[in-house]
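I am opening a notebook on a structure that is new to me. My plan is to look up the overall build and then a single position.

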Amino acid sequence: MAVLVLGGTGFIGSQLVTQLQQRGEQVRLVTRNPQRAQQLFPQAQVFPLAALAEAVDGCTGVVNLAGEPIIGRWTVARKQAIQESRRGGTQRLVQAIAQAQVRPQVLVNASAIGYYGASETAVFREDSPPGQDFLAQVCQEWEQAAQPGQGVRLVIFRIGIVLGMGGALERILPPFRAFLGGPIGSGQQWFSWIHQTDMVNLLLAALDDPAWTGVYNATAPQPVRMAQLCQTLGQVLQRPSWLPVPGMVLELLLGDAAQVILTGQQVLPQRVQAMGFCYQYPTLTPALENLFHPGLS
Ligand SMILES: NC(=O)c1ccc[n+]([C@@H]2O[C@H](COP(=O)([O-])OP(=O)(O)OC[C@H]3O[C@@H](n4cnc5c(N)ncnc54)[C@H](OP(=O)(O)O)[C@@H]3O)[C@@H](O)[C@H]2O)c1
């Protein structure tokens, strides 16, 4: 019996696959680039997109993390790719699950806190209504597509900004490293983050424990405002953190995805905490210390 991961070559997925393999699980990967995936994970069973049905059949659980990256310019074509890779990709996965002779017990599907739209004042919990902007629309369609049908447990994680070596953090580091870091944009916008270790542990918990079901905010219990993130980053990197980074600089680094950082949302993981999930990094300073000075924490 095996776990199938879509998006298993990515920032979060590759850490999940490593953890699954370390605990002795057989991992199947569905990927656009089988050769690259096989090189990354020689012990995994690798399938091209066209063999999705075969990959799904007989596995115990499925984790769907696949999606066109949002970093870069959102041309019409990119927006379509961002939308289609999530809605269409998830629809095709759900279809394959429905047609499988031996169905998985659980589908763990990614979504994002962009579901809620942006606000400097609101507090978003899992039952808060969706926002109106492009990413909120993408997330709603993504979640609606993830309906694997009777008998298959569904867990959806609305993922916050994952802190790790890769992802958004890597992109906002250059100004800090160059001694120029400071509050990004107004500094008042919220930054709902999660450490990469906790993100992977959430995915594993959802695969393992049948008590997990429905939608969960995958964020740390203490989101911060951007000014606090930048101040803490400055302290941990031992760099000054007083020169504001204009939004324009961030747009150069992230393209239209800069708006995810320049506007934000305060998201609380109410349902994750109700499950009694034990965060390794519930607060920001130890999370950043672990990433930048791993020997010390
Ligand atoms: N990282 C974060 O902070 C964060 C926050 C919120 C939500 N999320 C969501 O969580 C998921 C995983 O995040 P991540 O940071 O690990 O993403 P990532 O590093 O960009 O990896 C995503 C994976 O999806 C596959 N992929 C890329 N473009 C695709 C396309 N057009 N069609 C089909 N598959 C495609 C790729 O696998 P192959 O090349 O092997 O096919 C890639 O490895 C994503 O859907 C992301 O939107 C992430």
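I began with burial, and of the 297 residues of the protein 53% count as buried, where buried means under 20% relative accessible area with a 1.4 Å probe and protein chains only. I note that this is a predicted model, in which local features need pLDDT of at least 70 and side-chain atom pairs count only at pLDDT 80 or more, while totals for chains, interfaces and linings use all residues. Residues are numbered from 1 along each chain as its sequence is written, and side-chain values use heavy atoms, with hydrogens and water left out.

Next I looked up the secondary structure and found 12 helices and 13 strands, which are DSSP runs numbered from the N terminus (helices H or I of at least four residues, strands E of at least two). The radius of gyration, taken over C-alpha atoms, is 19 Å, close to the 19 Å from the globule rule for 297 residues, so the protein is as compact as a globular protein of that length; the rule is 2.2 Å times the number of residues to the power 0.38. I also noted that the C-alpha trace spans about 60 × 45 × 40 Å along its principal axes.

For contacts (heavy atoms within 4.5 Å), I found that among those with a separation of 6 or more, 78% come from residues 24 or more positions apart.

Last, I turned to Gly88, which lies in helix 4, residues 76-99. Gly88 counts as buried because its relative accessibility is 3%. Its C-alpha atom is separated by 9.3 Å from that of Glu141, 53 residues apart along the chain.

Note on methods
Buried < 20%, exposed > 50% of the residue type's maximum accessible area, 1.4 Å probe, protein only.
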